[in-house]
Amino acid sequence: MKRELGCYLNPRNPNLPRIIEIYLKHGIRHIGTDGCATRDPAAHEKAGALFKANGLTVESVHSESQIMPGPGDKPDSLRDTHKRILDRAKDWNAKHVVYHHSSIKLRWFDSVGLEEAAIIMKDPKGFEARLVEEVRWLCGEAGARGLNITLENLPACHLVARSMDQILPVIQNVAMHNLGICFDSGHAHCAGRDVAAEIRKAGRLLWTTHFHDNRGGGDPLAKISETDLHWVPGLGTIDWIAVVRALDEIGFKAPVVFEGAHVGVKESAAGWIDQLDDVISLTLRNWRAFEQLAAAGPGH
Ligand SMILES: [Zn+2]
């Protein structure tokens, strides 16, 4: 099955028109947007107008905020931020807003997941109750704007947020019809999970993707920057043919969206934009080859 494909972009990248031009050249009409913590409505309007004028569908908006307030913060202290993110997603006619599962507002550092897990593990039951309440509120606000919330699996150091076994019970407890999963292939692989098996576990709750590759791992003490490499699919060690077959098995019909897949030059680095045409071409050609091999049946 030849799936529709999409790619993430950063709405605040000064090269946004050039990025869109490259995506369109390769037939990419679905996008995800990175989080952008600006309160400048004019910047969002400008990006939204550009998406509309180019016929782009916003599959997902990545929240720049964590779900839960930090230790000592008021329980409702992030709600205005959440509303702003949901309003932006509505303005862009997005389908899903992506939040990192079990995320807490903390000062970011490479292994912040360990600190997050330490806070949660002091009182796992109490944390889950508060998380369920906050996600339920988020889903209510999202639903009123015609949006879905999706929870994303995280890399190895996020000890309580790296597998479907940890996300699915929360989704069940929240019990809202507009709550699903954004599955990140790279996070699952560098957390030492079997990527295809995680997709099968997510099943009908898998609504959107962050696909990219890396060398795998599983060590929670390894640096995220050295394991969550965001390489073009096929350059790392994920079994992508098994991934395509797992998507077929669960009847995944939405576009497959690649998130920040590159060949080692990150978006923040000089030269990234000059490589983008090649990178997108490689990503799409590899993906179509995986689909072809997956369809070829046993022995491939
Ligand atoms: Zn992701």
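Mentor: Gladly! Keep in mind that this is a predicted model. Let us start with a facing pair: V61 stands opposite V97 in β4.

Trainee: What makes β3 and β4 a pair?

Mentor: Two strands pair if at least two bridges are found between them. β3 and strand β4 (residues 96–100) have three bridges, in the parallel sense, so they meet the cut-off of at least two. On the other side of the story, T33 stands opposite V61 in β3, and strand β2 (residues 30–33) pairs with β3 over four bridges, again in the parallel sense.

Trainee: How does the chain get from β2 to β3?

Mentor: The chain goes through helix α2 (residues 41–53), and this β-α-β crossover is right-handed. β3, helix α3 (residues 79–91) and β4 also form a right-handed β-α-β unit.

Trainee: Where do these strands sit in the sheet, and what is its order?

Mentor: The sheet is open, has eight strands with parallel pairing, and runs β7-β6-β5-β4-β3-β2-β1-β8.

Trainee: Why are β7 and β8 said to stand at the edges?

Mentor: β7 (206–210) and β8 (256–258) each have a single partner strand, so one side of each lacks a neighbour in the sheet.

Trainee: Why is β6 called largely enclosed?

Mentor: Six of the six residues of β6 are buried, so the rest of the structure largely encloses this strand. β6 pairs in the parallel sense with strand β5 (residues 148–152) over four bridges, and T150 stands opposite G180 in β6. With β7, β6 also pairs in the parallel sense over four bridges, and there I181 stands opposite L206. Between β5 and β6 comes helix α6 (residues 164–174), and the three make a right-handed β-α-β unit.

Trainee: How do you know that P255 is buried?

Mentor: A residue is buried if 20 or more other C-beta atoms lie within 10 Å of its own. P255 has 22 other C-beta atoms within 10 Å, so P255 counts as buried. The place of P255 is in the loop between α10 (240–250) and β8.

Trainee: Which residues does P255 touch, not counting residues up to four places away in sequence?

Mentor: P255 touches R3, E4, L5, G6, H30 and E59.

Trainee: Why are α1 and α11 called roughly parallel?

Mentor: The axes of helix α1 (residues 16–25) and helix α11 (residues 272–295) cross at roughly 20 degrees, coming within 10 Å. Angles under 35 degrees count as roughly parallel, and therefore α1 and α11 get that label. The crossing of α1 past α11 is right-handed.

Trainee: Which residues of α1 and α11 meet there?

Mentor: R18, I19, I22 and Y23 in α1 meet I273, L276, D277 and I280 in α11.

Key: Residues numbered from 1 in each chain as written. Predicted model: local features only at pLDDT ≥ 70, side-chain atom pairs only at ≥ 80, totals over all residues. Helix = DSSP H or I, 4+ residues; strand = E, 2+ residues; numbered from the N terminus. Right-handed = clockwise from strand over helix to strand, strands pointing away. Buried ≥ 20, exposed ≤ 12 C-beta atoms within 10 Å, placed from the backbone. Axes fitted to C-alpha atoms, helices over the stretch in contact; angles between N-to-C directions. Parallel < 35°, antiparallel > 145°, perpendicular 65-115°, else oblique. Left-handed = near helix turned anticlockwise from the far one by under 90°. Contact = placed C-beta atoms within 7 Å.
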